[in-house]
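Welcome, and thanks for taking a look at this one.

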Amino acid sequence: MLDIKFLRENPDLVKENIKKKFQDEKIKLVDKVIELDKDFRDSKTKGDELRAKRNSLSKQIGMHMQKKEKELAEEVKNEVNKINEELNSLEEKEKNLEAKVKEIMMVIPQMIADTVPIGKDDSENVELQRFGEPKVPSYEVPYHIDIMETFDGIDLDAARKTSGNGFYYLRGDIARLHSAILSYARDFMINKGFTYYVPPFMIRSDVVTGVMSFSEMENMMYKIEGEDLYLIGTSEHSMIGKFIDTISPEEDMPLTLTSYSPCFRKEVGAHGIEERGVYRIHQFEKQEMVVICKPEDSPYWYDQLWNNTVEFFRSLEIPVRTLECCSGDLADLKVKSLDVEAWSPRQKKYFEVGSCSNLGDAQARRLNIRLKGKDGNYLAHTLNNTVVAPPRMLIAFLENLLQEDGSVKIPEPLRPYMGGMEKLVPNKNK
């Protein structure tokens with residue numbers, strides 16, 4: 001959410017930013033919110049004048065009473081009562097205007113960074129760099145579900161019976177691999193100096209609207225019926241929410257946190273839920289990175305975060321690339337975002353496995369997350385990034401580490417989490 005003062009003083013810049021995000025239907029909201037804000041401030045000024053007048057008249061009542069001038073005192077009392085009635089009406093008007101201003105400000109997108117490429121959607125995202133050589137082996141790489149089934153490691157049919165499409169049972173070595181990757185990711189981030197958290201998996205509506213836009217909320221979040229609670233779509237939601245209405249000393253910055261959670265998503269949209277695979281599903285688990293820092297430090301931490309993901313995947317011998325998200329692909333709260341994509345030897349292309357975002361002060365403004373400096377309090381900046389999110393990670397892992405005999409290599413850093421195993425062997429070969 002933008003600062004209303006910034007919008008008031010820079011309406012043309014805000015309109016241009018909306019155009020860059022290809023949301024022209026929101027341009028008219030800028031003039032509308034300026035008009036409502038002016039009405040709000042005018043009402044507030046008039047209210048302050050009336051309160052000052054009421055205070056002055058109240059003193060006169062006391063003076064008249066001391067002089068036993070009852071009639072004059074009653075006249076002033078009547079005038080005070082009229083002011084009170086007018087103030088009640090004004091305060092109700094202020095309340096309504098303030099709510100309308102906030103409602104509009106919540107849908108006007110954050111100012112994007114100057115370096116963000118301009119484009120309509122993810123098809124216009126810009127490749128930045130590749131890490132590791134993308135290889136296509138001479139032997140066939142099966143579909144990821146088929147690889148899992150050679151290890152008797154997945155049951156989608158049973159999950160459809162219990163839960164419907166978009167769910168799965170993992171078992172045996174594949175389930176163990178899934179957990180091993182998450183455990184390795186946890187320790188990888190702890191070794192980077194991040195503090196490990198397991199947060200609440202449900203959050204209240206005021207936190208939801210603080211961490212994401214309304215369109216994201218509608219398409220992602222599951223509401224708990226009869227309660228003011230939502231299932232989280234990522235642990236970033238509850239981790240950022242942890243700091244709602246707080247003031248932290250700036251000398252304590254940055255706060256570098258890594259959190260594990262299950263994630264629940266509706267996945268509403270054109271892409272839909274996969275019938276057979278586990279690329280797009282309703283439930284998965286994830287290790288996340290979250291940083292709260294001083295505004296001047298957020299560009300540095302943005303680079304640190306995505307580099308951590310690249311390093312993690314490369315430590316497991318998976319080739320990746322980075323993509324700069326274009327303006328039209330940025331969610332409304334984001335200043336800048338970068339996707340990490342893993343190589344798929346079966347598809348001979350890259351696919352998304354993580355997303356790094358700098359949200360500037362957008363979440364901090366909505367949730368009132370402030371820092372205390374020598375010159376007063378100011379809004380923090382927040383950032384987040386995926387370390388790893390199985391089972392999508394399993395697709396990249398199984399395809400890239402599949403051997404010609406059908407076994408799957410276990411890279412050295414992961415072996416301690418797999419009981420020392422050097423490879424997974426298909427059931428038919430055991």
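Where does Pro391 lie? Pro391 sits in the loop between β16 and α13 (392-401). Please keep in mind throughout that this is a predicted model.

## Cis peptides

The peptide bond leading from Pro390 to Pro391 is cis, and its omega is near 10 degrees. A cis peptide bond also links Met253 and Pro254, with omega about 0 degrees. Pro254 belongs to the loop between β8 (246-249) and β9.

## The open sheet

Let's turn to the sheet. It is open and built from 8 strands, in the order β1-β11-β12-β13-β16-β10-β9-β4, with mixed pairing. The edges are taken by β1 (126-131) and β4 (195-197); each has a single partner strand, so one side of each lacks a neighbour in the sheet. On average, neighbouring strands are turned by 25 degrees against each other, direction ignored.

Two helices deserve a look here. Helix α7 packs on the sheet and touches β4, β9 (255-264), β10 (283-293) and β16, with its direction making about 10 degrees with that of β10. Helix α11 (residues 298-315) lies across β1, β9, β10, β11 (320-324), β12 (336-344), β13 and β16, and runs at about 5 degrees to β16.

## A closer look at α7

Helix α7 covers residues 172-190, which makes 19 residues. From first C-alpha to last it reaches 27 Å, close to the 27 Å expected at 1.5 Å a residue. Its buried residues are Asp173, Ile174, Leu177, His178, Ala180, Ile181, Leu182, Tyr184, Ala185, Phe188 and Met189.

How many of the residues of β11 are buried? The count is 5 of 5, so this strand is mostly covered. Val320, Thr322 and Glu324 point one way from β11, while Arg321 and Leu323 point the other way, and all are buried. As background, side chains in a regular strand alternate between the two faces of the sheet.

β11 pairs with β1 in the antiparallel sense over 5 bridges, and Arg130 stands opposite Arg321 of β11. With β12, the pairing of β11 is likewise antiparallel over 5 bridges; here Thr322 has Val340 in β12 as its bridge partner.

Cys325 is found in the loop between β11 and β12. This cysteine counts as buried because its relative accessibility is 3%, below the 20% cut-off. Cys325 touches Val116, Pro117, Asn125, Leu330, Ser337, Leu338 and Asp339, leaving aside residues up to four places away in sequence. Cys325 and Ile118 are 207 residues apart along the chain, yet their C-alpha atoms are separated by 9.0 Å.

Glu341 is part of strand β12. With a relative accessible area of 10%, Glu341 is buried. Beyond residues up to four places away in sequence, its contacts are Pro319, Val320, Arg321, Leu323, Tyr350, Phe351, Glu352 and Val353.

## Ser357 in strand β13

Is Ser357 buried or exposed? Ser357 is buried, with a relative accessible area of 1%, and its place is in strand β13 (residues 349-358). The side chain of Ser357 makes polar contacts with the side chain of Lys334 at 3.1 Å and with that of Ser337 at 3.2 Å. Not counting residues up to four places away in sequence, Ser357 touches Tyr302, Lys334, Lys336, Ser337, Thr382, Leu383 and Asn384.

β13 and strand β16 (residues 381-388) run antiparallel and are joined by 3 bridges. Cys356 stands opposite Asn385 in β16.

## Positive phi in two loops

Lys348, in the loop between β12 and β13, has phi near 60 degrees, a positive value in a residue other than glycine. Lys348 is exposed, with a relative accessible area of 54%.

Asn368 also has phi near 60 degrees. Asn368 is placed in the loop between α12 (362-367) and β14 (369-373) and is partly exposed, at a relative accessible area of 26%.

## A span annotated in UniProt

The unreviewed UniProt entry places a "coiled-coil region" at residues 66-107. In the model, that span is 88% helix and 0% strand, and its end C-alpha atoms lie 57 Å apart.

Conventions: Residues numbered from 1 in each chain as written. Predicted model: local features only at pLDDT ≥ 70, side-chain atom pairs only at ≥ 80, totals over all residues. Heavy atoms only, no water. Helix = DSSP H or I, 4+ residues; strand = E, 2+ residues; numbered from the N terminus. Expected span 1.5 Å × (residues − 1). Buried < 20%, exposed > 50% of the residue type's maximum accessible area, 1.4 Å probe, protein only. Polar contact = N/O pair within 3.5 Å; in protein donor to acceptor, adjacent residues only side chain to side chain. Contact = heavy atoms within 4.5 Å. Pairing = 2+ DSSP bridges. Axes fitted to C-alpha atoms, helices over the stretch in contact; angles between N-to-C directions. UniProt positions renumbered as here; feature names shortened; annotations may be inferred.
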